[in-house]
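Please keep the sequence and the coordinates at hand while reading.

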Amino acid sequence: MATLVLLEPALSALASIGRALIQAALQFNAPLSVLVLGADQEALANAAATLPHVTKVYWANHPDFLAYDDQAATAIACSLMSTHDRLLAPASTFGKNLL
């Protein structure tokens, strides 16, 4: 199964922390998916889609994600775990709240 990497929506471009998470995920030698949350995060979703080894980008672009909601984000991430073995998230408040 695949690895799911959660990218922090507060970053409008693919920051070094997102790239580091993706590099870490590659160590599992499994297909790599990326989850981007945020209606205003099209640039981040597009940047993630162009990275080598990223096989799928999930973009939750509903207007409810203009203001981040931990419970909604957790529900989306959990719904994707049926097709993923592991979830990597940043070691930030954002990532810790979701996990």
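The model is predicted. Strand 1 (2–7) is mostly covered, with six of its six residues buried. Glu8, in the loop that runs from strand 1 to helix 1 (16–26), is buried and has no salt bridge.

**Strand 1 and its partners**

- Ala2, Leu4 and Leu6 point one way from strand 1, while Thr3, Val5 and Leu7 point the other way, and all are buried.
- Strand 1 pairs with strand 2 in the parallel sense, over five bridges.
- Within that pairing, Val5 stands opposite Val34 of strand 2.
- Strand 1 also pairs with strand 4 in the parallel sense, over four bridges.
- Here the bridge partner of Thr3 is Arg86 in strand 4.

**Ser33 in strand 2**

- Ser33 lies in strand 2.
- Ser33 counts as buried because its relative accessibility is 4%, and the cut-off for buried is under 20%.
- Leaving aside residues up to four places away in sequence, Ser33 touches Ala2, Thr3, Leu4, Val5, Thr55, Lys56, Tyr58 and His84.

**Helix 1**

- Gly18, Leu21, Ile22 and Ala25 are the buried residues of helix 1.
- Seen down the axis of helix 1, these buried residues fall within an arc of 95°, so they line one face of the helix.
- Ser16 and Gln23 are exposed, on the other side of helix 1.
- Strand 1, strand 2 and strand 4 are what the buried residues of helix 1 pack against.

**Helix 2**

- Helix 2 spans residues 42–49, and Leu44, Ala45 and Ala48 in this helix are buried.
- These residues cover an arc of only 100° around the axis, which puts them on the same side of helix 2.
- The cover over the buried residues of helix 2 includes strand 1, strand 2 and strand 3.

**Helix 3**

- In helix 3, which spans residues 70–80, the buried residues include Ala73, Ala77 and Leu80.
- The elements covering the buried residues of helix 3 include strand 1, strand 2 (32–37), strand 3 (54–60), strand 4 (84–88) and helix 4 (93–98).

**Glu8, a buried charged residue**

- Which side chain of opposite charge is nearest to Glu8, and how far away is it? The nearest is Lys96, 11 Å away.
- That distance leaves Glu8 without a salt bridge, because a salt bridge needs a side-chain nitrogen of Lys or Arg within 4 Å of a carboxyl oxygen.
- The side chain of Glu8 does form a polar contact of 3.0 Å with the side chain of Ser92.
- Not counting residues up to four places away in sequence, Glu8 touches Leu44, Pro90, Ser92 and Phe94.

- Phe94 counts as buried because its relative accessibility is 8%.
- From C-alpha to C-alpha, Phe94 and Phe65 are 13 Å apart in space, and they are 29 residues apart in sequence.

- Most residues other than glycine have a negative phi.
- Asn29 has a phi near 50°, a positive value in a residue other than glycine.
- Asn29 is found in the loop between helix 1 and strand 2, and Asn29 is exposed, with a relative accessible area of 73%.
- His53 has a phi near 80°, again a positive value in a residue other than glycine.
- Where is His53 found? His53 is found in the loop between helix 2 and strand 3.
- His53 is exposed, because its relative accessible area is 56% and the cut-off for exposed is over 50%.

Methods:
Residues are numbered from 1 along each chain as its sequence is written. This is a predicted model: local features need pLDDT of at least 70, side-chain atom pairs count only at pLDDT 80 or more; totals for chains, interfaces and linings use all residues. Side-chain values use heavy atoms; hydrogens and water are left out. Helices (H or I, at least four residues) and strands (E, at least two) are DSSP runs, numbered from the N terminus. Buried means under 20% relative accessible area, exposed over 50%, partly exposed in between (1.4 Å probe, protein chains only). Lys and Arg count as positive and Asp and Glu as negative; His and the chain ends are not counted. A polar contact is a pair of N or O atoms within 3.5 Å; within protein, one must be able to donate a hydrogen and the other to accept it, and residues adjacent in sequence count only if both atoms are side-chain atoms. Contact means heavy atoms within 4.5 Å. Two strands pair if DSSP finds at least two bridges between them. The arc is that of the directions from the helix axis to the C-beta atoms.
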